[in-house]
Amino acid sequence: MATIGLIGAGHIGSQLARLAVAHGYDVVISNSRAPETLATLVAELGPRARAATAAKAGDIVVVSVPLKNYRAVPVGPLAGKIVIDTNNYYPERDGHIPELDDESTTTAELLQAHLPTSKVVKAFNHIYAAELTTDGQPSGATKRRALAIAGDDLDAKATVTRLLDQFGFDTVDAGPLKEGWRIQRDTPGYGPRRTAEELRKDLAAAKRYADQSPREE
Ligand SMILES: NC(=O)c1ccc[n+]([C@@H]2O[C@H](COP(=O)([O-])OP(=O)(O)OC[C@H]3O[C@@H](n4cnc5c(N)ncnc54)[C@H](OP(=O)(O)O)[C@@H]3O)[C@@H](O)[C@H]2O)c1
């Protein structure tokens, strides 16, 4: 079974670590500080978890750091790997990033450009961290919650779809990375619980920031 690396062990990273361990994966977690700072979480997660260099140890690696820090994600150890990007752009937290402000790119495309030989799949960006461990249901459950993915590598997306299914969620494929904007903040699917059918409608109804009312910071 694959080892899942988690770069970032905050709200989302720690929850994905809990889900992964609960489904039998080994996890390796890292944050911006020394491994000792993750001792409490590692103890909670149990023997399948350790704090070390997640980029190196993970077969599949989740990037879940504040977007402003994406350039700190190591490139070499992630070469050829599936990298799951949970990140969102909040200018008040991340500072202004011109190519996101003018919508000439998307958050996951930025990470893909930073990691040219990795297979970036956008996922888990539009569900509140706490709901990751409460909203999952077995495959085939009525009104099962769906999560969107986007990515340019079909095999990587198939792997992430299987992972989501194990974690309790249906998947809706929004298309290539450049379509990831359809599930960015301030779009209809961002946040609420949605079935696959509802989420497909949300993705279709999403508007670019330029076509929305101005947002207050
Ligand atoms: N919170 C949610 O419900 C939610 C839901 C979906 C998506 N997201 C998105 O997911 C991303 C992470 O959100 P979050 O709420 O989990 O953030 P968070 O609670 O602030 O956690 C961020 C984590 O990233 C680590 N980190 C920061 N810089 C790093 C670096 N250079 N290298 C390695 N680790 C680093 C932090 O470690 P230190 O503590 O050591 O700095 C911390 O463990 C954001 O883009 C957010 O928008 C969040």
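So, the ligand: 23 residues surround it, and the closest are Ala 9, His 11, Ser 32, Arg 33 and Ala 129. Keep in mind that this is a predicted model.

At Ala 9, a backbone N or O atom lies 2.9 Å from a ligand oxygen. Val 65 also uses a backbone N or O atom, at 3.4 Å from an oxygen of the ligand. With Asn 87 we're on a side chain: one of its N or O atoms is 3.0 Å from a ligand oxygen. As for cover, the ligand taken alone exposes 900 Å², and the protein buries 78% of that.

Okay, on to the packing. Which residues touch the most other members of the largest nonpolar core? That core has 35 residues, and the answer is Ile 4, Leu 16, Val 27, Ile 29, Ile 84, Phe 124 and Phe 167. If you're colouring by element, β1 (3–7), α1 (11–22), β2 (26–30), α2 (39–45), β4, β5, β7 (146–151) and α7 (154–167) each put in at least two residues. The largest share comes from α1, with six residues.

Take Phe 167 from that list. Ignoring neighbours within four places in sequence, Phe 167 is in contact with Ile 4, Leu 16, Leu 19, Ala 20, His 23, Tyr 25, Phe 124 and Gly 136. As background, nonpolar side chains in soluble globular proteins tend to be buried together.

Last stop, helix α6, residues 107–114. This helix is mostly covered, with six of its eight residues buried. Those are Thr 107, Ala 108, Leu 110, Leu 111, Gln 112 and His 114.

Now zoom in on His 114, which sits in α6. Why does His 114 count as buried? Because its relative accessible area is 19%, and the cut-off for buried is under 20%. Leaving out residues up to four places away in sequence, His 114 touches Tyr 70, Arg 71, Val 73 and Val 75. With Val 73 there's a polar contact too: the backbone oxygen of Val 73 lies 2.7 Å from a polar atom of the His 114 side chain.

That's my tour; over to you.

Conventions: Residues are numbered from 1 along each chain as its sequence is written. This is a predicted model: local features need pLDDT of at least 70, side-chain atom pairs count only at pLDDT 80 or more; totals for chains, interfaces and linings use all residues. Side-chain values use heavy atoms; hydrogens and water are left out. Buried means under 20% relative accessible area, exposed over 50%, partly exposed in between (1.4 Å probe, protein chains only). Helices (H or I, at least four residues) and strands (E, at least two) are DSSP runs, numbered from the N terminus. A polar contact is a pair of N or O atoms within 3.5 Å; within protein, one must be able to donate a hydrogen and the other to accept it, and residues adjacent in sequence count only if both atoms are side-chain atoms. Contact means heavy atoms within 4.5 Å. A nonpolar core is a set of buried Ala, Val, Leu, Ile, Met, Phe, Trp, Tyr and Cys residues joined through side-chain atoms within 4.5 Å. A residue is near a molecule or strand if one of its heavy atoms lies within 4 Å of it. Accessible areas come from the Shrake-Rupley method with a 1.4 Å probe; for residues, only the protein chains shown count as cover.
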